[in-house]
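Subject: Structure handover

Hello,

My notes on it follow.

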Amino acid sequence: MKFITVENYEILSRKAAAIIAAQVIAKPDCVLGLATGSSPIGTYKNLIEWYKNGDLDFSAVSSINLDEYTGLDGENDQSYRYFMNNNLFNFINIDKSKTFVPNGKAQDIKAECEAYDKRINEMGIDIQLLGIGLDGHIGFNEPDEFFTKETHQVTLDPSTIEANARFFQSIDDVPKTAITMGMGGIMSAKKVLLIANGSAKKEIIEKAFFGPIDPKVPASILQLHPDVTVIFSEN
Ligand code: F6R
């Protein structure tokens with residue numbers, strides 16, 4: 001594991017974007033595993049800027065996202081599809097038909113999860129970008145008695161609902177369930193890049209990467225991955 005501590009969010013975002021940009025340059029038809037939430041916004045801003053400058057070309061890139069709230073379609077401004085379109089895809093030359101986010105409105109959630117795993121297996125993720133929740137979740141793999149391998153539907157932890165309420169009008173509007181890529185999909189990525197900032201995340205980062213591997217701290221499974229980079233900024 002490479003653990004990089006930086007001074008602030010701006011540097012963190014530039015470094016994370018540089019790692020993703022290097023992947024796109026080295027393999028123009030790579031598959032990017034992408035995340036939503038507040039952590040990657042700065043990373044995406046840098047990638048958009050470098051695309052606009054002519055330094056990056058996403059025309060052959062595909063992407064596969066970690067998760068989506070159940071019950072929201074891609075037009076809903078709280079959905080993760082909407083987030084991806086409006087924080088990255090609309091501003092770069094990626095072919096949107098090659099960008100995948102779980103369908104939160106699927107009639108048959110189990111079939112949607114199975115199809116998502118099939119897609120992950122077929123496409124293969126070159127680099128997976130991750131944030132981390134205050135309870136140690138990655139994707140929406142919440143603390144549990146065991147690690148779940150497959151893409152699956154989850155009931156969000158009350159602390160996750162509380163943390164995500166900042167994006168909604170009221171806490172009651174936060175969906176209670178989501179579809180998430182499982183640990184199998186995340187661990188199958190050739191490289192993993194986890195970014196975290198803020199003093200509130202210091203404790204969980206220490207537990208996840210320097211404590212025991214424990215499904216109660218879901219991100220701790222990454223200690224078993226052969227190519228993980230963590231970038232952390234306390235500010
Ligand atoms: C988002 C995701 C989540 C977030 C985590 C941290 O696709 O999978 O695991 O990465 O909740 O969220 P932020 O970055 O908002 O602190």
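In which sense do β4 and β8 pair, and over how many bridges? They pair in the antiparallel sense, over three bridges. Helices (H or I, at least four residues) and strands (E, at least two) are DSSP runs, numbered from the N terminus. Two strands count as paired if DSSP finds at least two bridges between them.

Before the rest, the conventions. This is a predicted model, in which local features need pLDDT of at least 70 and side-chain atom pairs count only at pLDDT 80 or more, while totals for chains, interfaces and linings use all residues. Residues are numbered from 1 along each chain as its sequence is written, and side-chain values use heavy atoms, with hydrogens and water left out.

The chain as a whole

The protein chain has seven helices and 10 strands. Its radius of gyration is 16 Å, close to the 18 Å that the globule rule gives for 235 residues, so the chain is as compact as a globular protein of that length. That radius is taken over C-alpha atoms, and the globule rule is 2.2 Å times the number of residues to the power 0.38. Along the principal axes, the C-alpha atoms fill a box of roughly 45 × 40 × 35 Å.

Of the 235 residues, 51% count as buried. Buried means under 20% relative accessible area, exposed means over 50%, and partly exposed lies in between (1.4 Å probe, protein chains only). The accessible surface comes to about 10700 Å², and 50% of it belongs to carbon and sulfur atoms. Accessible areas come from the Shrake-Rupley method with a 1.4 Å probe; for residues, only the protein chains shown count as cover.

Contact means heavy atoms within 4.5 Å. Among contacts between residues at least 6 apart in sequence, 78% join residues at least 24 apart.

The three-stranded sheet

The pairing of β4 with β8 belongs to an open sheet of three strands, in the order β4-β8-β7, with antiparallel pairing. Its edge strands are β4 (67–69) and β7 (152–155), each of which pairs on one side only. Neighbouring strands here are turned by 25 degrees against each other on average, direction ignored. For such angles, axes are lines fitted to C-alpha atoms (for helices over the stretch in contact), and values run from 0 to 180 degrees between N-to-C directions.

Strand β8 covers residues 177–180 and pairs with β7 over four bridges, in the antiparallel sense. Thr180 in β8 stands opposite His152 and also opposite Asp67. Ile179 in β8 is the bridge partner of Gln153.

Strand β2 and its parallel partner

Strand β2 (residues 31–34) is joined to strand β3 (residues 62–65) by four bridges, and the two run parallel. Leu34 stands opposite Asn65 in β3. Both faces of β2 are covered: Val31 and Gly33 are buried on one side, Leu32 and Leu34 on the other.

Ile127 and Gln23

Ile127 is found in strand β6 (residues 127–130) and counts as buried because its relative accessibility is 4%. Leaving aside neighbours within four places in sequence, Ile127 is in contact with Ile19, Gln23, Val31, Leu32, Gly33, Lys191 and Leu193. Val192 is 65 residues away from Ile127 in sequence, yet the two are 5.6 Å apart in space, C-alpha to C-alpha.

Gln23 lies in helix α1 (residues 9–26). Its relative accessible area is 9%, so Gln23 is buried. With neighbours within four places again left aside, the contacts of Gln23 are Cys30, Leu32, Asp126, Ile127 and Lys191.

Ile41

Ile41 sits in helix α2 (residues 41–52). Is Ile41 buried or partly exposed? At a relative accessible area of 25%, Ile41 is partly exposed. Not counting residues up to four places away in sequence, Ile41 touches Tyr9, Phe83 and Asn87.

Cysteines

A disulfide is a covalent bond between the sulfur atoms of two cysteines. With the cut-off used here (a pair of cysteine sulfur atoms within 2.5 Å), the structure holds zero disulfides. Cys30 is buried, at 0% relative accessibility, and Cys113 is buried too, with a relative accessible area of 6%.

Regards
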